[in-house]
Amino acid sequence: MINARSELVAVACNSTAHALDWGTGREVAYGAGNYVALWQAADEQVAGVVCTLSGHTARVNCVRFARGTRDAVLVSGDANGAVRVWHQIGGIWQDAVVLDGHSSPVQAVDALWVDNVLLVTTAATDGTVRVHELCCQADALVPAAATQEIALGTHTALDTQLAQLDDGVLALALGTTDGRVRLFARAGKTGAQFAAGPALAGHADWVTAVAWRRVEMDDCTVGGAATAHWSAGDMVLSSAAQDGMVRLWHIRRAESAGDDDALVAAQAALKASAAGEVSGAATGTAGAAQTLLVADTAYAAAPDAVLAGHDAWVHSVAWDGARLATASSDGTALVWTADPEAGVWASATRLGAAQGLLGAVLRGTMLVAHGERGIVQRWRHADGVWTEQSAPTGHSAAVRDVCWAGSCALAVSADQSARLFAPWPRGEWRELARPQVHGYDLRAAAVISPLAYVSAADEKVVRVFHAPRHYADACRKLGLLDDARSAAGLPTDSVTDNPVAATAALPVLGLSNKAVALDTSAADDPARRSLADAAMAPPPPGHVPLEAQLQRATLWPEADKLYGHAYDVYSVAVSHAGDLVASAARATTMRFAGIRLHRLRGDAAEPPTPLTAHALTVTRLRFSPPGPDVVGDRYLLSVSRDRSWALFERNGDTYALARHRRAAHARIVWDAAWAPDARFFATASRDRSVRLWPAPHVAVDTDAPPVTLAFPESVTAVDLLPVMLRDPPRYVLAAALESGRVFVLCAEASAASVPTAWSPAEIPRNISHTSDVHRLAWRAAPVDSDASAADSAGPHTWLLASASDDHSLRITAVDL
């Protein structure tokens with residue numbers, strides 16, 4: 001292993017209703033792709049993911065912390081039907097148990113400690129709910145009883161939650177697709193079976209969430225008439241549904257089982273449950289009290305209140321003491337309390353979100369919500385005001401490419417967005433800007449300068465973006481511009497001809513970001529006024545942008561479009577001089593596999609003839625860096641799905657084919673990289689190898705065999721450190737595999753053009769990816785020195801950015 005540590009894990013929350021939960025401690029857990037991500041939400045200074053738990057092989061749909069007084073336990077369920085139980089021992093989360101049995105995606109999970117026994121319930125789209133009992137033995141969780149399966153017939157449970165009533169009785173509430181809240185109960189002893197109770201009617205659509213709470217002594221008096229009929233020890237069950245309503249149900253111990261009809265219904269349900277069925281006789285009518293029968297003890301369940309405040313589906317309910325938090329697709333999170341003067345339940349707080357919300361949890365003065373497109377938002381209550389604070393951000397789909405824009409990492413993703421992450425003064429990384437929110441999945445990006453880049457999506461054009469003035473001001477405030485450029489040095493077209501222009505906006509039904517000036521002069525032009533209305537004032541320089549600002553206030557104006565391809569652009573590269581863009585598109589024949597060169601500076605000219613060599617899609621393009629014996633951008637390297645590589649050599653203003661190595665690998669070539677001195681280049685392939693080839697100005701023999709580095713799996717990404725280390729002079733190569741593993745290899749420079757002795761080391765798996773890595777990118781300078789390592793001896797810390805199919809962008813600090 002190598003000395004490496006995680007600097008940034010940027011990954012969005014999955015867009016499912018129960019994908020986020022907050023336990024009794026400081027940690028929030030949320031499903032992030034196939035991961036479970038953990039975040040210290042209670043710490044106002046922490047806005048990023050602390051660590052990720054890997055083990056799932058499909059999207060994590062739901063997470064839930066176990067309630068109770070024993071050890072910290074987290075349960076998660078995925079789209080393949082697997083449920084994992086994570087046990088925290090010594091502050092470290094460990095994968096304790098895998099619970100199987102479901103044949104379709106798990107939608108909801110719950111866990112409750114009862115003495116030394118952990119009860120886990122899981123609900124899946126196969127129409128079943130499974131109840132598992134685990135006990136803790138020597139820091140290990142082992143099965144304590146046989147699993148019970150509750151079949152719901154043609155309906156499914158969308159949420160499940162356990163509660164402990166008095167005398168050890170356990171209750172189970174299910175929100176189901178028949179619009180009812182189904183109750184089950186059992187005695188507290190290990191191995192007992194849950195028996196079906198009443199199905200509470202009232203909702204007019206699917207019940208999406210349920211949550212229990214026990215009534216405390218103070219609750220009976222602080223809510224006035226709304227809670228005066230409660231007694232300490234009673235239970236209140238809240239439920240949310242797609243009808244936009246939230247309902248409260250009052251469950252209390254009764255002296256008798258109620259009227260004869262209710263008793264008959266409860267006994268019929270008990271008998272049906274023993275036969276493995278859910279009885280229709282247990283279904284009640286709206287507004288009627290019903291009986292939950294456990295042995296000789298009866299509990300009366302009656303409607304208590306209806307909370308109407310949302311305008312769309314309500315996806316979650318969560319109690320925090322006597323307060324209830326709800327989240328809806330209408331983009332709001334409400335905090336409900338019992339109004340002692342009016343004697344009714346009322347929404348004391350309404351928080352608006354940047355997208356429709358799927359869940360919200362409330363803890364003391366903090367509220368955390370998650371929503372559509374993977375957003376996570378956090379608010380804090382202080383001095384009578386709720387204020388939004390920064391929260392984790394990241395991509396919600398595969399991250400396709402990453403490159404360095406000075407000190408910032410620029411990532412593009414299949415979620416149709418480009419994001420810039422920057423180091424903050426306190427040592428954390430934050431999302432500084434979201435320069436592009438597109439209508440097509442983004443495929444590739446390349447940096448022209450710290451204030452300009454090009455991107456390619458699943459379309460036929462390459463788009464050029466220049467930073468607006470506010471981004472340059474923010475970078476200058478944070479000390480991030482490596483080339484010391486300021487806003488005054490920005491090109492005119494990055495802020496339009498109007499010097500007041502500060503940001504950009506995306507027109508309705510448009511794909512091109514337009515520069516706008518946030519001033520009153522826009523009122524004279526309807527088109528400009530429409531853009532100004534769509535834009536939002538950017539945050540002050542040095543302030544962390546919040547989610548709504550990232551979506552609307554940090555866009556970059558589009559400066560140009562580069563045409564020429566007949567099919568979707570797949571790869572792009574920018575010359576080191578910043579004057580040329582090379583691009584290639586998807587292709588199945590040589591006719592469409594050509595590489596097009598676009599000039600960024602000077603007068604517009606007729607596009608040159610495409611460079612041809614390959615017969616299939618060009619997967620990667622790289623210009624050669626300057627070296628001791630070669631000028632920068634002398635060569636353009638291309639690799640392809642046809643298993644070959646090609647080198648084009650610059651001749652004046654054009655490039656011509658210099659070498660073409662057919663069958664360079666046995667399988668697809670995915671990536672390529674140049675050595676910092678341009679003496680050799682590396683190619684990475686599905687044939688489980690990285691091969692090193694001498695540059696033409698170093699080796700004349702075109703048939704010389706390459707140096708082959710073998711790996712245990714397909715190699716999907718490769719990059720070489722942009723500078724050579726000193727004492728002794730060394731090259732550093734990073735390679736990533738299709739499983740997400742990342743290796744760092746070092747070799748001493750020698751008289752030979754290509755070093756042959758490489759010493760490998762693997763980055764620890766707990767800070768690596770779990771799926772295909774699409775791109776690796778070393779930062780050009782170490783983080784612990786103002787000078788490059790080529791000019792200063794001793795170990796330094798280098799940053800390696802990686803983009804993966806697992807939805808995550810990672811930045812790893814490596815000591816070399």
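**A friendly note on this predicted model**

1. Of the 816 residues in the protein chain, 59% count as buried, where buried means under 20% relative accessible area, exposed means over 50%, and partly exposed lies in between (1.4 Å probe, protein chains only). This is a predicted model, in which local features need pLDDT of at least 70, side-chain atom pairs count only at pLDDT 80 or more, and totals for chains, interfaces and linings use all residues. Residues are numbered from 1 along each chain as its sequence is written, and side-chain values use heavy atoms, with hydrogens and water left out.

2. Start with the overall build. The protein chain has five helices and 59 strands; helices (H or I, at least four residues) and strands (E, at least two) are DSSP runs, numbered from the N terminus. Take the contacts (heavy atoms within 4.5 Å) between residues at least 6 apart in sequence: 54% of them join residues at least 24 apart. L293 belongs to strand β22 (residues 290-294) and is buried, with a relative accessible area of 15%.

3. Next, find the largest pocket, which has a volume of about 1200 Å³. It is lined by 43 residues, and those closest to its centre are W404, H576, P722, W778 and A780. On a 1 Å grid over the protein atoms alone, a pocket is an open set of points with protein on both sides within 12 Å along at least five of seven lines, a cavity is a set of points where a 1.4 Å probe fits but cannot get out, and lining residues have an atom within 4 Å of a point. Grid points are joined across faces, edges and corners, and a volume is the space filled by probe spheres set on the points. Strands that each supply at least two lining residues include β32 (399-405), β53 and β57 (773-778). The lining divides into 29 nonpolar, five polar and nine charged residues; here Ala, Val, Leu, Ile, Met, Phe, Trp, Tyr, Cys and Pro count as nonpolar, Asp, Glu, Lys and Arg as charged, and the others, Gly among them, as polar.

4. The second largest pocket has a volume of about 940 Å³. Its lining has 39 residues, with R67, Q161, W212, W319 and R363 closest to the centre. The largest share, six residues, comes from β19, and β24 is one of the strands that supply at least two. By type, the lining holds 20 nonpolar, ten polar and nine charged residues.

5. β24 runs antiparallel to β25 (residues 323-328), and six bridges join them; two strands pair if DSSP finds at least two bridges between them. One of the bridges links A318 with A325 in β25. Two residues lie between the strands of this hairpin, where G321 takes a positive phi near 65°.

6. Which residues line the largest cavity? They are L432, A433, H470, Y471, A474, P539, P540, P541, G542, H543, P545 and T554. This cavity holds about 90 Å³ of space, and there are six cavities of 30 Å³ or more. Helix α3 gives the most to the lining, with three residues. Eight lining residues are nonpolar, four are polar and none is charged.

7. Now visit E547, in helix α5 (residues 547-552). Is E547 buried or exposed? At 7% relative accessibility, E547 counts as buried. Its side chain makes a polar contact with the side chain of Q551 (2.9 Å); such a contact is a pair of N or O atoms within 3.5 Å, where within protein one must be able to donate a hydrogen and the other to accept it, and residues adjacent in sequence count only if both atoms are side-chain atoms. Leaving aside neighbours within four places in sequence, the residues in contact with E547 include E388 and R434.

8. Finally, some backbone details to check in the loops. The peptide bond from D727 to P728 is cis, with omega near -5°, and P728 sits in the loop between β53 (715-720) and β54 (730-737). D139 is not a glycine but has a positive phi of about 65°, and D139 is partly exposed, with a relative accessible area of 48%. A678, also not a glycine, has a positive phi near 60°, while its relative accessible area of 0% makes A678 buried.
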